[in-house]
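Reader: I would like to learn how to read side-chain features in a protein model. Can you take me through a case?

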Amino acid sequence: MSTLCLRLSPGAALLQYKIMSSAGPETQLFKFDLSDVRVEDNLPELNNQEFVNFYDAYEKSFVEIIRKECFDEVGTFWKQQWSSTKCFNHILKSQDGQRFCKLRDAQIFQRVLEELLPDVLQRMDTALTKSIRSFSKNLQPWIAEAVKDLPTNVAEQKIRDATLFSQRVRRYSGLNHLAQAARNLLSDHSHLTSLIEDYMRVDIDALISQVCWSKFEQEFQAVLQGNKGLPGWCEWLQLITKAVLPSSASIEALMEAASDICRTWSVVSSLLIRDLTLRSAPTFGMFHLMRLFCDEYLLYLVEHIVSKNNVDAVPFHKPDGGIERKSLARSNTTQCIEEGTTKRIKMEAAFDDGNADARLYPGRCKSEYGGYTGPDADEDKYDYDDDDDCDED
């Protein structure tokens, strides 16, 4: 048996074709691998609290950078964090340490993703969308440069995880763009009328005979004719997932059921588009747009549920896309650096007389993201006194 793996689009799940040898019957099996979006809580226990504290501080700083939209600072931040971890090499080379990094990175990337795009359907201005997409494209080279001195297994895993995160960011920002286009389409009454007319000409009986579509076909007609806009389509897709996914099952069973939904939807939507194509339907372009949106939203939805390991973890969306989210419009990173410097000065002023670092580590100064710069800086451990991350009131 030979196996061919294809990636449908940036960040999309793997689609596997398993083809039997020519001597036997030829079959095809589609499988969406959702294991990469799984977020686990059972971290291995490490006998090194300093390493755990390092990851806690790393997560807090990373999330704060994203919250302030200082995207260009992520590369520098990663490089400063991971280039000064020689004191943790014995942990990073152990199996427990590597598993801890993998699971903790998955948790951090999920949190950062939710901070970056808390509502994938929210209206966003063009500047912010471009900024997010540019950020996602830079992640892979940034992490590759930052972890080049780490043990090989850890470095490769971090590059892979960052690349998958980058792909999800690009795909979710693409979903946001599709949502805006679909919202505009569904707000036009004449377009809706044309969609309904062309759909009623589709050979539904033939479609139902090929796939299990009858259970949801009437609901789809109701959505199409109900003029409920984009929220109606999203609610319909959410109802499908809740109806099909097991309410109480292992994470493996949940991922398998989620894969089944994606596989079935792919077949159904392809057959529908095929029928519209053969009929040269005037609304083919409009149906194609809605198909693209549903493809991406359904995959986003099952990824969200799998990451939470909870069928009821349906994402919340603001009505009609909410108020347009504006970019913070920083033309450069000066403000981010100034804010980080101000926080550091406040912290040092509160800690003793502000010269503790100079007395303990002559010739060195504290870097913006923890650690130290100067002679023998790589041999020093990180400072974990920033319990409140110097939050400003």
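Predicted model: local features only at pLDDT ≥ 70, side-chain atom pairs only at ≥ 80, totals over all residues.

Reader: What share of the contacts join residues at least 24 apart in sequence?

Author: Take the contacts between residues at least 6 apart in sequence. Of these, 71% join residues at least 24 apart.

Reader: Now the aromatic rings. How do I read a ring pair?

Author: Look at two numbers: the distance between ring centres and the angle between planes. Planes over 60 degrees apart count as edge-to-face. The structure holds 27 aromatic pairs. Take Phe 51 and Phe 88: their ring centres are 5.2 Å apart and their planes stand at 70°, so this pair is edge-to-face.

Reader: Which parts of the chain does the pair of Phe 51 and Phe 88 tie together?

Author: Phe 51 lies in helix H1, residues 49-67. Phe 88 lies in the loop between helix H2 (74-82) and helix H3 (89-92). The pair therefore ties together parts that are 37 residues apart in sequence. Both Phe 51 and Phe 88 are buried.

Reader: Give me a second case. How are the rings of Tyr 55 and Phe 100 arranged?

Author: Their centres are 5.6 Å apart and their planes are at 75°, so the pair is edge-to-face. Tyr 55 is in helix H1 and Phe 100 is in helix H4 (residues 95-116), 45 residues apart. The pair thus links distant parts of the chain. Tyr 55 has a relative accessible area of 0%, so it is buried. Phe 100 stands at 3% relative accessibility and counts as buried.

Reader: Which residues form one aromatic cluster?

Author: The members include Phe 51, Tyr 55, Phe 88 and Phe 100. Phe 62, Trp 78 and Trp 82 are also among them. The charged end of Lys 158 sits over the ring of Trp 82, 3.9 Å from its centre.

Reader: Next, salt bridges. How many does a search of the whole structure find?

Author: The search finds 22 salt bridges. Glu 59 forms a salt bridge with Arg 111, and the closest N and O atoms are 3.0 Å apart. Glu 59 lies in helix H1 and Arg 111 in helix H4, so the pair ties together parts that are 52 residues apart in sequence.

Reader: Is Glu 59 buried or exposed?

Author: Glu 59 is buried, with a relative accessible area of 13%. The cut-off for buried is under 20%. Arg 111, at 38% relative accessibility, counts as partly exposed.

Reader: Which residue meets Arg 123 in a salt bridge?

Author: Asp 320 does, at 3.2 Å, N to O. Arg 123 is in the loop between H4 and helix H5 (126-146). Asp 320 is in the loop between helix H12 (284-308) and helix H13 (334-350). The pair therefore ties together parts that are 197 residues apart in sequence. Arg 123 is partly exposed at 22% relative accessibility. Asp 320 is partly exposed too, with a relative accessible area of 45%.

Reader: Where does Arg 183 lie, the residue that also meets Asp 320?

Author: Arg 183 and Asp 320 meet in a salt bridge at 3.8 Å, N to O. Arg 183 lies in helix H6 (residues 152-186), so its pair with Asp 320 ties together parts that are 137 residues apart in sequence. Arg 183 is buried, with a relative accessible area of 8%. Elsewhere, salt bridges that share partners join Asp 56, Glu 59, Arg 104 and Arg 111 into one network.

Reader: Last, the core. What is the general idea?

Author: In soluble globular proteins, nonpolar side chains tend to be buried together. Here the largest nonpolar core has 99 residues. Phe 62, Trp 78 and Phe 293 touch the most other members. H12 gives the most to this core, with 14 residues.

Reader: Which residues is Phe 62 in contact with, leaving aside its neighbours within four places in sequence?

Author: Phe 62 is in contact with Val 74, Phe 77, Trp 78, Ile 108, Phe 109 and Val 112.

Terms used
Residues numbered from 1 in each chain as written. Heavy atoms only, no water. Phe/Tyr/Trp six-rings, centres within 6.5 Å; stacked < 30°, edge-to-face > 60°. Helix = DSSP H or I, 4+ residues; strand = E, 2+ residues; numbered from the N terminus. Buried < 20%, exposed > 50% of the residue type's maximum accessible area, 1.4 Å probe, protein only. Lys NZ or Arg CZ within 6 Å of the ring centre and 35° of its normal. Salt bridge = Lys/Arg side-chain N within 4 Å of Asp/Glu carboxyl O. Core = buried A, V, L, I, M, F, W, Y, C linked by side-chain atoms within 4.5 Å. Contact = heavy atoms within 4.5 Å.
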